[in-house]
Amino acid sequence: SASQAKDRNYAHLSKSLARLSRAMGQTAGLFEQLQLDLNATRTLAGIHSAQFMTVAAELNPDRDIEEQ
């Protein structure tokens, strides 16, 4: 009957919304982890840049004198 079909459709909608809610929660968690990873990458890039500049200054001491 139409009433049973409507009940089945509502049950299906309810399950779909529950899956969507779980997926949204997982996505939010992944975005939080992504933000942490991006911050760590930025820190790592800064450290490597400083190391690179230090090594370049040690290997090319003449340039520091010329620039001053």
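Author: Helices here are DSSP runs of H or I with at least four residues, and they are numbered from the N terminus. The model is a predicted one, and A5 is found in helix 1.

Reader: How many helices and how many strands does the chain have?

Author: Helix 1 covers residues 2-59, and L13, K15 and H48 are placed in it. Counting by the DSSP runs, the chain has zero strands and two helices.

Reader: How far apart in space are K15 and N60, C-alpha to C-alpha?

Author: Two other pairs give a setting for this value: A5 and L20, 15 residues apart along the chain, have C-alpha atoms separated by 22 Å, and H48 and R19, 29 residues apart in sequence, are 43 Å apart in space. K15 and N60 are 45 residues apart in sequence, and their C-alpha atoms lie at a distance of 66 Å.

Reader: Is A5 exposed or partly exposed?

Author: A residue counts as exposed when its relative accessible area is over 50% and as buried when it is under 20%, with partly exposed in between. Because A5 has a relative accessible area of 26%, A5 is partly exposed.

Reader: Which class do K15 and H48 fall into?

Author: The relative accessible area of H48 is 45%, so H48 is partly exposed. For K15 the value is 55%, and therefore K15 is exposed.

Reader: What share of the residues of the chain count as buried?

Author: The chain exposes about 6400 Å², of which carbon and sulfur atoms supply 60%. Of its 68 residues, the share that count as buried is 0%.

Reader: Which residues form a nonpolar patch on the surface?

Author: L13 counts as partly exposed because its relative accessibility is 43%, and L13 is one of the patch members. Together the members have about 540 Å² of accessible area, and they are Y10, L13, L17, L20 and M24.

Conventions
Residues numbered from 1 in each chain as written. Predicted model: local features only at pLDDT ≥ 70, side-chain atom pairs only at ≥ 80, totals over all residues. Heavy atoms only, no water. Patch = residues over 30% accessible without salt bridge, like charges linked within 9 Å, V, L, I, M, F, W, Y side chains within 5 Å. Areas by Shrake-Rupley, 256 points an atom, 1.4 Å probe, with all protein chains shown as cover. Salt bridge = Lys/Arg side-chain N within 4 Å of Asp/Glu carboxyl O. Buried < 20%, exposed > 50% of the residue type's maximum accessible area, 1.4 Å probe, protein only.
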